[in-house]
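The structure under discussion is shown first.

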Amino acid sequence: MAKVFTANRLVDGAVVYLDPQGVWTTDVLSAHLLESDEAIEKAEAAGRDAVARHHVVDAYPIDAELRDGSVYLTRFRERIRAQGPTILFGTAGLKKKAA
Amino acid sequence: MYQYDQYDHAFVANRVEQYRGQVSRRLAGDLSEDQFKPLRLMNGLYLQLHAYMLRVAVPYGTLSSGQMRKLAEISRKYDRGYGHFTTRQNIQFNWIKLEQSPDILAELASVEMHAIQTSGNTIRNTTSDPFAGAVAGEIDDPRVWCEIIRQWSTLHPEFSFLPRKFKIAVTGSEDDRAAIKVHDIGLALRRNEAGEIGFEVLVGGGLGRTPMIGKTIREFVSQRDLLSYLEAILRTYNLIGRRDNKYKARIKIMVHELGIDEVRRQVDAEWEHLRNGALVLPDEEVARIRAFFAAPAFETIETPVRSYEVARFEDQAFARWTRTNVAAHRQPGYGIAVISLKPIGGVPGDATAEQMEKVAELAERYSLGEIRVTHTQNLVLPHVRLSDMHSLWQALEEAGLGTANIGLISDIIACPGLDYCALANTRSIPVAQRIQHRVDNIDRQHDLRDLSVKISGCINACGHHHIGNIGILGVDRRGEEYYQITIGGRADENARLGDVIGPAVSYDNVSTAVERLLDAYVQERKDDETFIDTYDRVGLKPFKEAVYVTD
């Protein structure tokens, strides 16, 4: 199965993905879909390097596929991690209840 | 409330500066994540699913209005305008930036708060009865003893690297509102035949993947011996508790494997060395701490309070709220008001900055500036004049805090689950919301009487599912969210673990399964029986048959 490389950004913990230019982005749709062993190995090296240079923490590969032309994360946990909580929270939650 | 002295202030301020240096070295690349992680965890900073999460200790669930305002300010300035009150009487902020975390700790220190020992294999925040010092019939105020335990256990050098985390709870009432039987150590204040105050000590309770009810290790430990006896338990555990397997490292496993009699023998042997040493509690020190918790100057009020009774008669919604959310106070003319953080469709335990500020304001106006956090993720104003209760409730209603559901089915404990937590397998919060929507009619909820629903998104059981009348545990089934249901658990002085009713049900079917349990209860109950009473009388069978009925 294809992979995407993910991590958390050191300064704020934000969820980030490795893009085709080797830049860490918060936009999962810009993530590099790694479809060969060679591409995965290269991303692993980039992840190790970014950890070593203290840009990100906990870099790891996750299962992904191309669905309707976009990167789709196959694990539910990773989709929540990418999109945020599935529930309204903070003042948004209150506004919804008031509506 | 306890007030920091110059040593406490200096200690916490020093700790903030140490941490600031550690963060600065981490950001400069002088510390690796492996080196830094234990340091941030010692200051309550976790890395969760979406961001860093800061867990702040609320010692034994007691907050001043000033502290609550500071928590509101922190949530607005450094987070997304809300906070989450937890089952350990703490508060968590979910969207924290590492680079700002030292500033947050400095802000907390300015109101005598910190995040020390909210993580790691240490003695965590000692929890207690949220009605402490307010409820009638207490043997003693448990907060006095919680504070003494806090001072003994904070940065205790011998117990900073225990085999696993360690949780202590204290109750001063016969009615246990602190779930002491599911803590590593539970302390129940008792009087002996001579009328002296001491403690029944329970050990080895806990939830998680191997739930256990605590066992009494000693019927009565005197006040003077409390710390030496606790130290003897902790030392025994520290020496022989398992370190080879994280899942077998809690003291409950040690008690289970050795048996309570053997643990007692070893603790007593250790205690012999300790009991007449430096840990003997001097009366004057107990008196000094006790003075911080002296009862406020209550007014003498003639009862019944006519205005309160009239308001209850004239305003049905208020009357309903008083039935569930107001508890009897030790002082005539006063009541204990519980503020529900469980509105239908809300996130259990969450409060916005505005709500926290409103609670602070109402605490100042109506409750002598005091607030409590409950282990069921609600808030308490402990000292409210009954004559003020109607005004208080109206103000709470306006702020979305007036839900009349304490102890009812919609007063659900739910862990953050997969919406926030890096350990979770499934979501908890939306399951709670779906169940709440099923029973959103408040009259129906009142008709269902006391009924606890507790939901955990994984086996670690932060949502206390084992001790819910209805317990729900999320499990991952090949990437799908499934939920195992237990019934018959209880968290009070008769604490008991629930029984699994059958195969796990899918996310879409959980609220239907709960609805069927409710139908079975209504069908089977007699007179004023609660869900748990009915379950005790009729057993699992009718409930099981109701849930697994073939349509």
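B:Pro304 is placed in the loop between α9 (283-292) and α10 (306-314) of chain B, where helices (H or I, at least four residues) and strands (E, at least two) are DSSP runs numbered from the N terminus. The peptide bond that joins B:Thr303 and B:Pro304 is cis, with omega about -5°.

This is a predicted model, in which local features need pLDDT of at least 70, side-chain atom pairs count only at pLDDT 80 or more, and totals for chains, interfaces and linings use all residues. Residues are numbered from 1 along each chain as its sequence is written, chains are lettered from A and ligands numbered from 1 in the order in which they are written, and side-chain values use heavy atoms, with hydrogens and water left out.

Two residues of chain B have a positive phi although neither is a glycine. In the table, buried means under 20% relative accessible area, exposed over 50%, and partly exposed in between (1.4 Å probe, protein chains only).

B:Asp129 lies in the loop between β6 (127-128) and α5 (142-153) of chain B. This residue counts as buried because its relative accessibility is 2%. Its side chain reaches the backbone nitrogen of B:Phe131 at 2.8 Å, a polar contact being a pair of N or O atoms within 3.5 Å; within protein, one must be able to donate a hydrogen and the other to accept it, and residues adjacent in sequence count only if both atoms are side-chain atoms. Beyond neighbours within four places in sequence, B:Asp129 is in contact (heavy atoms within 4.5 Å) with residues including B:Glu138, B:Arg177 and B:Arg372.

In chain A, strand β1 (residues 3-9) is mostly covered, with five of its seven residues buried. Strands are taken to pair if DSSP finds at least two bridges between them. β1(A) runs antiparallel to strand β4 (residues 56-67) of chain A, to which six bridges join it; there A:Val4 has A:Ile62 as its bridge partner. With strand β2 (residues 15-18) of chain A, β1(A) pairs in the antiparallel sense over three bridges, and A:Asn8 stands opposite A:Val15. The hairpin of β1(A) and β2(A) has five residues between the strands, and A:Gly13 in this hairpin takes a positive phi near 75°.

The remaining topic is the interface. Contact involves 37 residues of chain B and 25 residues of chain A. Together the chains bury about 2,400 Å², 65% of it on carbon and sulfur atoms; buried area is the accessible area (1.4 Å probe) that two parts lose on being put together, summed over both. B:Leu47, B:Leu49 and B:His50 supply 20% of the area that chain B buries against chain A, more than any other three residues. Eight residue pairs are in polar contact between the chains (both at pLDDT 80 or more). α14(B) gives three residues, the largest share of the side of chain B that touches chain A.

A:Thr91, in helix α3 (residues 91-98) of chain A, touches B:Thr352 and B:Glu354, not counting residues up to four places away in sequence. With 34% relative accessibility, A:Thr91 counts as partly exposed.
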